[in-house]
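Student: I work with computed coordinates a lot, but I would like a guided way to read local features in a protein model. Could we take them one by one?

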Amino acid sequence: MPAPKFIKLKGRNPYSEQVQGKANEPITIAALLDRAKKELDVKFKKPTLGDIWDRLEMNAPRVAIVSGSSDHPAHVMDDVTRLRCAVEVWNQGGVPFSFGIPVLCDGTAQSTLGMSYSLASRNLISDMVVNQMEAQSYHSAIVLSGCDKSPFGVLNGLVNLDLTRLNRGDHPLHASFIPSHVLKGGTIPQKLESELRSISEKARKTGHENLADDIDETLDYILQCSSNQAFQGILQRCVQVKLISAADHKRIEKELAINTCDSQGGICAFYGTGNSSRIAVSSLGLVHPDVELLTEPPTQGQIQSVVKSLFSVIQKAEFSISNIVSKNIENSIRVMNATGGSTNLVKHMVAAMLYAGYRFDLWDYQRIRNAHPIPDIFDYSLTKGRDIFALAQQCCDGKSRGVETMINTLVENEVPMALAVPTISGQTWKQRLGKKGKGLSADSVTDNPIILAKPRRAVSGIEVFRGNFFESAVLKLSGFTDAQTKEFDNKVFYVLYFESEDEANKGLADARLIEALKQQKSLSKEALLAMIAVNRTDEDPTMAEVGQLNRSKLFNMMIDRRLFKVAVVIAGQGPEAFGMPEMFTPMQLINSNHVLRKMAILLSDGRFSGVTYGAAFGHATPEAIKGGHLLYLKTGDMIRLQMGLKRIEMLNPQKARNGTLEPYAGSLDRERYVLGAQRLQRMEKRREALSPTNRLENVTDASQGVVPDRVAKHATKKHASKGSSYKIRNARRQSQTEQQVA
């Protein structure tokens with residue numbers, strides 16, 4: 001097809017002013033289009049080097065197609081999509097370029113040192129994207145985004161570059177994201193499923209009923225890398241109690257692994273950071289609706305829609321990426337909370353605003369989240385066929401419109417949404433929702449609905465907690481039912497302390513963990529009775545009755561009646577200490593243990609994506625290595641969780657052992673100085689396992705997005721209506737302190 005008359009962008013054109021770019025780059029563009037001609041069934045007129053020179057000389061839009069690395073499942077099909085994009089950019093009158101970035105897979109990195117490089121990779125990707133876009137003078141970008149940290153890594157770099165270019169008077173930067181399709185979950189081979197069920201039966205017959213329950217429950221999940229991790233903990237315990245051999249374990253592990261991923265790759269079907277990033281970027285207005293939720297790689301027609309929309313706005317400053325992001329941030333925060341997205345996204349959204357030049361932090365997030373109740377509109381389930389692949393199928397079938405349906409549902413439930421703001425489709429949300437058509441209403445899906453017209457409950461999302469030994473931590477409420485809230489709210493917990501994730505994984509996978517807790521010397525009978533007095537219900541034995549039991553029987557009764565609660569604390573996992581790895585494996589070890597999950601909550605300065613049965617508090621600030629008092633807790637301490645007050649209190653250790661429970665009011669850093677100093681030495685030693693080039697040093701804390709200090713320094717624009725976020729933050733601190741004193 002003949003190429004249309006191409007757009008001539010205004011402003012400085014380095015390719016016209018300098019000769020070397022026009023000498024070097026035409027062959028790269030010609031090679032890209034030549035490959036597309038050979039590999040795709042698409043008709044277009046292949047340009048000559050002279051044609052390419054003309055477009056560069058006349059300042060036609062230079063569009064970078066940013067792809068990932070093929071060693072990540074989400075980017076397996078990027079090569080084909082990249083070529084399709086190149087064809088459409090040329091056909092629309094632009095000049096296509098292409099570069100790739102390395103993308104770390106969190107699933108592959110789990111429980112290895114690689115996980116300590118994951119968050120750092122987000123900031124490194126931002127640097128790389130800016131570097132390449134600036135060095136080659138690209139006007140705009142089409143981003144083939146995957147999962148984990150890379151979507152926000154690219155986004156952060158692009159919004160910061162847009163800000164930089166606007167400040168120096170250059171053409172604004174526009175970008176459209178094409179998320180990878182959703183990877184269909186695997187299937188456990190029938191023979192292996194039968195074997196696992198026989199192991200479950202054997203476990204039940206030999207007195208390991210809880211282990212049998214864990215196997216049966218995990219078999220209900222779709223097969224994916226996360227369920228593989230759950231099986232791993234269960235199989236380890238099976239070996240420990242001699243239900244299977246170590247060789248059996250490895251054979252089963254292999255069969256599960258090789259049946260997990262579809263050959264076309266994609267983003268895993270669970271609603272972790274990968275699909276949360278997809279929904280977040282879409283609700284930020286950066287994804288064309290035709291490619292938002294797919295079950296297979298996009299077609300040429302779908303990509304044509306993306307490129308046409310990008311070119312329709314490429315001369316309009318209001319559609320620049322930093323403007324779209326800043327105008328849509330409140331929409332995205334509300335969509336993410338209403339759908340129960342990954343806890344990681346709080347940190348990434350804060351970071352995006354800082355990169356866009358705004359003073360923004362966790363308290364701004366909280367201000368937006370709490371400005372209006374956000375209902376739970378997402379009935380997502382990995383055991384009932386309601387995963388993200390099922391949602392993508394509904395979108396591909398025209399029964400749902402994905403984020404448009406989510407925003408429409410929130411509007412119908414009277415949640416304030418900014419509808420007059422721009423999106424990269426060239427329309428505002430109001431215009432997009434105005435196309436009533438099929439699939440806009442959540443009621444359009446009658447079979448297995450995931451987006452609900454009528455919310456499951458009135459609350460959802462990620463909440464911010466405070467404590468007397470930390471400043472902030474976040475909790476994902478979305479997967480936390482009302483019954484679970486009742487079970488863990490206003491309860492007293494025994495602290496089980498680990499200095500690292502490795503220690504925690506070893507301890508939590510121990511089939512004898514409960515017995516080991518029973519032997520803890522710090523658990524006096526007086527302490528147990530004090531815990532019972534707070535944790536019991538009217539259905540439990542009276543205090544007079546339990547007082548007659550000896551310590552051993554008392555502990556057993558507490559386990560049976562779920563009165564004994566434990567707070568698993570994993571410190572030394574923050575950004576500067578160890579790269580802020582995700583505590584996914586400890587969470588899975590708790591979740592896949594029927595006894596442990598009903599008694600345990602988790603608290604860490606590491607990060608989380610999802611939830612455990614008990615509350616999981618992550619991203620604690622200040623982190624232990626930076627003076628946070630998480631450093632000084634130890635096994636045997638007691639804490640109290642108050643969900644309604646969004647608060648966690650450490651209790652006075654000495655008085656707790658004697659049966660008196662009251663908040664600790666001392667100075668942990670002074671009282672436990674030696675303990676803290678010893679732990680800091682071990683943390684510093686452990687940091688040496690990481691390459692100095694990738695350590696997260698000179699960065700903000702988790703409440704401020706873990707961005708480089710140099711980025712935060714230049715974030716000077718106000719987002720809050722009443723002064724800067726930092727003033728609001730300090731005012732809230734003062735107000736809460738006054739309330740505590742009162």
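Tutor: Let's begin with Asn59, which is buried, having a relative accessible area of 3% (buried is under 20%, exposed is over 50%, and partly exposed is in between, with a 1.4 Å probe and protein chains only). Keep in mind that this is a predicted model, in which local features need pLDDT of at least 70 and side-chain atom pairs count only at pLDDT 80 or more, while totals for chains, interfaces and linings use all residues. Residues are numbered from 1 along each chain as its sequence is written, and side-chain values use heavy atoms, without hydrogens and water.

Student: What value does phi of Asn59 take?

Tutor: As a general idea, most residues other than glycine have a negative phi, and most peptide bonds are trans. Asn59 has a phi near 65°, which is positive although the residue is not glycine. You will find Asn59 in the loop between helix 4 (49-57) and strand 1 (62-67). Helices (H or I, at least four residues) and strands (E, at least two) are DSSP runs, numbered from the N terminus.

Student: Where is the place of Arg562, and is Arg562 buried or partly exposed?

Tutor: Arg562 sits in the loop between helix 26 (551-560) and strand 9 (566-570). It has a positive phi of about 60° and is not a glycine. With a relative accessible area of 32%, Arg562 is partly exposed, whereas Asn59 is buried.

Student: Which residues does a cis peptide bond join?

Tutor: Look at the bond between Thr621 and Pro622: it is cis, with omega about -15°. Pro622 belongs to the loop between strand 11 (616-621) and strand 12 (638-642).

Student: Let's turn to contacts. What is Met558 in contact with, leaving aside its neighbours within four places in sequence?

Tutor: Contact means heavy atoms within 4.5 Å. Beyond those sequence neighbours, Met558 is in contact with Leu528, Met531, Ile532, Leu563 and Phe564. Met558 lies in helix 26 and is buried, with a relative accessible area of 0%.

Student: How many residues does the largest nonpolar core have?

Tutor: In soluble globular proteins, nonpolar side chains tend to be buried together. A nonpolar core here is a set of buried Ala, Val, Leu, Ile, Met, Phe, Trp, Tyr and Cys residues joined through side-chain atoms within 4.5 Å. The largest one has 122 residues, and Met133, Leu155, Leu158 and Phe177 have the most contacts inside it. Helix 16 (residues 344-355) gives the most to this core, nine residues. Take Leu158 as an example: not counting residues up to four places away in sequence, it touches Val129, Met133, Ala141, Val143, Leu173, Ala175, Phe177 and Ile321. There is also a second, separate core of 38 residues, which includes Leu508, Leu528, Val546 and Ala656.

Student: Now helix packing. How do the axes of helix 22 and helix 28 cross?

Tutor: Two packed helices are described by the angle between their axes and the distance between the axes. Axes are lines fitted to C-alpha atoms, for helices over the stretch in contact, and angles run from 0 to 180 degrees between N-to-C directions. Helix 22 (residues 501-508) and helix 28 (residues 584-591) have axes that come within 9 Å and cross at roughly 15°. The two helices are therefore roughly parallel to each other (under 35 degrees is roughly parallel, over 145 roughly antiparallel, 65 to 115 roughly perpendicular, and the rest oblique). At this contact, Glu501, Asn505 and Leu508 in helix 22 meet Thr585, Pro586, Leu589 and Ile590 in helix 28.

Student: Which residues of helix 22 are buried?

Tutor: They are Glu501, Ala504, Asn505, Gly507 and Leu508. Their cover includes strand 8 (491-498), helix 23 (513-518), strand 9, helix 28 and helix 29 (594-597).

Student: How do the axes of helix 9 and helix 12 cross?

Tutor: The axes of helix 9 (residues 190-205) and helix 12 (residues 246-258) come within 11 Å, crossing at roughly 140°. That makes helix 9 oblique to helix 12. Leu192, Glu195, Leu196 and Ile199 of helix 9 make the contact with Arg251, Ile252, Glu255 and Leu256 of helix 12.
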